[in-house]
Amino acid sequence: MLQTLINALKVKEIRRKVYMMLLLLLVFRLGCFVPVPGLDRGNFADAVGKNDFLTLMSSITGGALAQGTLFALGIGPYINASIIMQLLSVGIPALERLSKQGEEGRKKIAQYTRFATIILAVIQSIGIIISFGQSEGAIELQLFGGKLWVAGVFMTIVYTAGAFVVMWIGERITDYGVGNGQSMIIFTGILSTAGMSIWNEITEIFGGDMKALWSLIAFVLVAAVIFFAIVYVDLSERKVPVQYAKQIKGRKMYGGQSSNIPIRISGGGVMPLIFSFSILSFPQMIASMINPDSGFANWWARWMSASAEWPQSIVYALVLCLLIFAFSFFYAQMQFNPEDVSKSIQQNGGFIQGIRPGKATEAYLKKISNRITLFGAIYLSLVAFVPTLAFGWANLDLVNVFSTTGILIVVSVAMEFEKQLQAQLMMKNYKGFLK
């Protein structure tokens, strides 16, 4: 990857895109330090730390949520809106037709996604204000005449505007930079939080804490092994060979070549994990908004929370595994549709050796997809717990950053960034050849 980055920086056009991406990411990081009036940052951070889902969201925003700054919501509302639009595109025929109308259809769906982002940002802002309004000292009500609803309106406007600016930055990175802007923002946020945690460990080491030194060494070794395993699995795929028959059209002969259909083991990426954690964390968030000391809130925190103690944590682990399995198969169907692939192969005069075209090919592809998805679901379940146990054993604050979704996002975005740099280099070489 380092060699690919060096080669890319030698090309003026790509170098300009990389610098533009870095500049926009710098603007994002600066916005993460802009304070919002009326918040006690210390009490606000304590309130965030009591909610597992908000702790994860804070790590994705680079600590902006815990500090209550302008970009506290980060890119979260836009990501949620995108996921919702993907799901609706599968279930609503009108949106499905719109998604297949090329560039114009994608522009309309992007516009709907922006509207959904604003709505979700407003809802999340209201939820956060109501939840933290019950935490003593988190909101300085004297600046708002002692009225919580005034503070809520002000902060909802500010946080919604911040989420919209982050969405705009992500779109500009996509248009003028290299790679997916939304993924790069999440990547930057997680690395920023990890950097601050590592710096705290290094500070303790220089203060004479030898336990922190051994913990950091253990973290580096465990992280290297986990990173290697994730990269190895993420690059794994099953290639189904397809043979195309020769066709004579006019005076020319077409086809007669072989190809393959790549089916990735982790085709759903990090999405099944995000869905699963969101579902398990959503009731806790709602309960904390209504009454954080209610019996339901205490029961959920004891049995269905990532911070649950042994042996209650076994129940949480089993439920999370079941959700990961369910969403892995659901998202695999969204990414790879055997019926559509079978029709496409048949229409182009292709066939899989030993398998009849049509329904037989569809059943064959479906069987392969289900088997691969099963291994992918098992892999995601392991990733959901092995890093948490390993980093918890190392006794580091990085457990909240590099557990589950964090480690997958970091590795996946880094690999995707390298692929896009290689694509830019290849395109540049083609242009040079044509000239």
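Buried residues account for 45% of the 435 residues in the protein chain. The model is a predicted one. The protein chain contains 18 helices and five strands.

**The chain as a whole**

- The protein chain has an accessible surface of about 23,600 Å², and carbon and sulfur atoms contribute 65% of that surface.
- Of the contacts in the protein chain that link residues at least 6 apart in sequence, 70% are between residues at least 24 apart.

**Nonpolar cores**

- The largest nonpolar core comprises 44 residues, and Tyr159 and Ile185 have the most contacts inside it.
- At least two residues of this core come from each of H2, helix H4 (52-60), helix H5 (64-67), helix H8 (102-133), H9, H10 and helix H18 (405-434).
- The helix that gives the most to this core is H9, with eight residues.
- In soluble globular proteins, nonpolar side chains tend to be buried together.

**The contact of H9 with H10**

- Helix H9 spans residues 148-176 and helix H10 spans residues 181-206; their axes come within 7 Å and cross at roughly 115 degrees.
- On the H9 side, the contact is formed by Val166, Met167, Ile169, Gly170, Glu171, Ile173 and Thr174, while H10 contributes Gly181, Gln182 and Ile185.
- Sorted by class, the residues of this contact are five nonpolar, four polar and one charged.

**Leu25 in helix H2**

- Leu25 lies in helix H2, which covers residues 12-31.
- Leu25 has a relative accessible area of 8% and therefore counts as buried, the cut-off being under 20%.
- When residues up to four places away in sequence are not counted, Leu25 touches Ile173, Met184, Ile185 and Thr188.
- Leu25 and Ile173 are separated by 148 residues in sequence, yet their C-alpha atoms are 8.3 Å apart in space.
- Ile173 and Ile185, both touched by Leu25, also take part in the contact between H9 and H10.

**Thr113 in helix H8**

- Thr113 belongs to helix H8.
- Thr113 is classed as buried because its relative accessible area is 6%.
- Apart from neighbours within four places in sequence, the residues in contact with Thr113 are Tyr78, Ala81, Ser82 and Met85.

Technical notes
Residues are numbered from 1 along each chain as its sequence is written. This is a predicted model: local features need pLDDT of at least 70, side-chain atom pairs count only at pLDDT 80 or more; totals for chains, interfaces and linings use all residues. Side-chain values use heavy atoms; hydrogens and water are left out. Axes are lines fitted to C-alpha atoms, for helices over the stretch in contact, and angles run from 0 to 180 degrees between N-to-C directions. Helices (H or I, at least four residues) and strands (E, at least two) are DSSP runs, numbered from the N terminus. Contact means heavy atoms within 4.5 Å. Ala, Val, Leu, Ile, Met, Phe, Trp, Tyr, Cys and Pro count as nonpolar, Asp, Glu, Lys and Arg as charged, and the others, Gly among them, as polar. Buried means under 20% relative accessible area, exposed over 50%, partly exposed in between (1.4 Å probe, protein chains only). A nonpolar core is a set of buried Ala, Val, Leu, Ile, Met, Phe, Trp, Tyr and Cys residues joined through side-chain atoms within 4.5 Å. Accessible areas come from the Shrake-Rupley method with a 1.4 Å probe; for residues, only the protein chains shown count as cover.
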